[in-house]
Amino acid sequence: MCGIFAYLNFLHPQDRKNILRILIEGLKRLEYRGYDSAGVAVDDGVDVEKGNRKIRLLKQRGKVQALNDLIDATTELDFDEKLKTHVGIAHTRWATHGEPSPVNSHPHRSDRDNEFVVIHNGIITNFKVLKQFLTNKGYSFESETDTEVIPKLLKYIHDTTEEKLEFWELVERVTLQLEGAFALAVKSRRFPDGLVCTRRGSPLLVGIRSTADVSTDRVPVLYSCDKLVDGHTPAAAGKQPGTTTYGAPDGEQTPIEYFFASDPSAVIEHTNRVIYLEDDDIAAVTNGCLSIHRHQRADEDENIVRAVHTLKMELQQIMKGNFEAFMQKEIFEQPESVVNTMRGRVNFAEGVVTLGGLVSHLHEFRRSRRLIFIACGTSYHSAMATRQLLEELTELPVMVELASDFLDRSTPIFRDDVCFFISQSGETADTLMALRYCKGRGALCVGITNTVGSSISRMTNCGVHINAGPEIGVASTKAYTSQFISLVMFGLMMCEDRVSFQPRRKAIIEGLRVLPDLIKEVLKLDASIKALSSELLDEKSLLLMGRGFNFATCLEGALKVKEVAYMHSEGIMAGELKHGPLALVDSNMPVLMICVRDGTYSKCQNALQQVLARSGRPIVICQQDDEEITKMKVGRQLRIPPCVDCLTGILSVIPLQLLSFHLARARGYDVDCPRNLAKSVTVE
């Protein structure tokens, strides 16, 4: 939920002002992950008594800009000093333990001399036990956080271990004592030019920039305990120059820069060459060379190298451009993002759908017992929105599960189940835990994510990358529609050999072909929806009703209103109206209903009549050619273009995305950074 960023410049002189600028800009790219408070740690001159560099911590409550203002007001730092080699770490926080405040902000320190400082994304579940142990050893704590046990444990192990430990070995010994999820970056006065980062359950990558040739594009993993098949330890091989580290070949020392971050968006302006760390990897930079360590091999099939990947991301993709907010930009990007999701996968001329990541498993899908879709939040709604179509096209039982509830119930899973794990970031904690649960029971696991190199994409047997492009706004918009289309494409691929399904397939494929133009037409409702938002500005609640393909649209629309406009909203199955919700309807309760020409059209009309009969004042999303709604004398109507029934959920959700955006803006809220929320939920 937090964002961590670290920058190491080796033999690449930078003044302190520019180093801080790089750290602050990195945090601003990660601010969607948390914005309660922020902090940095940089070198600050030499401690004459101890003979090593001092570390200065700067921490502030609020957004990253508040930290930037604090830095600008600081008079004790020499901003013009050139630093040939330097390690800086930075953090933006989403509070889990302790309220937002400077003392609870990261980096956290081991002692008043800042001997070890740590930034952390995740939750240490056994911190109370560790805190009690360290308290008994005479350590005092200044914050309410779980993170503070880490730097103090580093100092304790360092001071009480007789043998001299390398920096990465010290961090490894500490991580072996930690339970929970974490991504860490550690800086120390004891190891002034070194940096060690590690992860377990929280994302972390390394960006690399160098003008010189480097030794390799593949970094072997060094194991502390295990031996290889030939009996030699990888650590022994590490003594051969240039074979086990990333850096200059043959022991040369040349300028190089490393960027450690929670997300690629923080490094793309500096480099497009990255290494994705895996769980329990420990990445250490010493004398400008990067090495990757693990305690032991989990199994013989474990990947023993980490490849350097090239990011296919452009800087302009993570800029706002001419839009007021990232959320607005991402809503208006949907005509392009849905095309990117389908590009190379749907052959409209021949009516063929190919999802390359799933083709080799088609036989297993078709002979499976059931399909289980597991997700949280918006991703869960995308599965709900396509469940009916998937049942129709696959003729298999389809279950849709909230990941947290799925785990709470210890749901029975069988070897012939196929489990889909849907997550925009690919790092959602509950979804990852459900993935481990299902994988351990032998089910075929499929990932649907928007992030290449994410934990879900690496841990699943196969998957689909939705190609929606970077999504910065906390409230998901374009990722939802791309997830929706990815699941529709899966259903079309499953029934391609069924003769009786061909007319239906052709209609859906034709609907996909014209979908980008239809979305553009819906986006023209923006001005009308902005006017509607002003009418709803002072309302306390909003009911959204629909059924069939559009029930999930109501759930997703209600979630968006809650997320960014802080207004109570509830998605209601129109068929359940008489079983309780009708009691809420009166002349003061705003009701938004989706009534489109599909299999439930007449039933939705009945529900609309019931709302009108109770003096309700419904707002209706209906289709442009629907004259029957006009005859019912409904006041406010938002008319969307007609399309094939199973795709109306994409067109009908966009007005709700726009409504939530305009409501939030009219109320003066920050739509990209809603209170108490963060984009990537990497803790339970």
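Leaving aside its neighbours within four places in sequence, which residues is S476 in contact with? In this predicted model, the contacts of S476 are T378, E471, E556, K560 and K679. The residue itself sits in the loop between β25 (462-465) and α14, and at 9% relative accessibility S476 counts as buried. Its C-alpha atom is 9.1 Å from that of I331, a residue 145 places away in sequence.

T147 belongs to the loop between α3 and α4, and its relative accessible area of 1% makes it buried. Not counting residues up to four places away in sequence, T147 touches H106, H108, V118 and H120.

Helix α3 spans residues 127-136 and helix α4 spans residues 149-160; the pair packs at an angle of about 45°, and the axes are 10 Å apart. With that angle, α3 is oblique to α4. The contact is made by F127, L130, K131, F133 and L134 on the α3 side, and by V149, K152, L153 and Y156 on the α4 side. Sorted by class, this contact holds 7 nonpolar residues and 2 charged residues, with no polar ones. The handedness of the α3 and α4 crossing is left-handed.

How do α1 and α2 pack, and at what angle? Helix α1 (residues 16-29) and helix α2 (residues 64-73) pack at about 165°, with 10 Å between their axes. Because angles over 145 degrees count as roughly antiparallel, α1 is described as roughly antiparallel to α2. From α1, the residues L20, I24, L27 and K28 take part, and they meet V64, Q65, L67, N68 and I71 of α2. This contact comprises 6 nonpolar, 2 polar and 1 charged residues. As α1 passes α2, the crossing is left-handed.

After α8 comes G344, with a positive phi near 75°.

Some backbone features deserve a mention of their own. Most residues other than glycine have a negative phi, and most peptide bonds are trans. P107 is placed in the loop between β6 (86-93) and β7 (108-109).

L11 has a phi near 55° and is found in the loop between β1 (3-10) and β2 (14-15). With a relative accessible area of 22%, L11 is partly exposed. For S615, phi is near 65°, and this serine is located in the loop between α18 (601-613) and β29 (617-623).

Finally, the cysteines. How many disulfides does a search of the whole structure find? The search finds 0. A disulfide is a covalent bond between the sulfur atoms of two cysteines. For C2, the closest cysteine sulfur is that of C673, and at 14 Å it is too far for a bond. C2 counts as buried, at 7% relative accessibility. C197 is likewise in no disulfide, and its nearest cysteine sulfur, in C2, is 15 Å away. C197 also counts as buried, with a relative accessibility of 1%.

Terms used
Residues numbered from 1 in each chain as written. Predicted model: local features only at pLDDT ≥ 70, side-chain atom pairs only at ≥ 80, totals over all residues. Heavy atoms only, no water. Axes fitted to C-alpha atoms, helices over the stretch in contact; angles between N-to-C directions. Helix = DSSP H or I, 4+ residues; strand = E, 2+ residues; numbered from the N terminus. Parallel < 35°, antiparallel > 145°, perpendicular 65-115°, else oblique. Left-handed = near helix turned anticlockwise from the far one by under 90°. Contact = heavy atoms within 4.5 Å. Nonpolar A, V, L, I, M, F, W, Y, C, P; charged D, E, K, R; others polar. Disulfide = S-S within 2.5 Å. Buried < 20%, exposed > 50% of the residue type's maximum accessible area, 1.4 Å probe, protein only.
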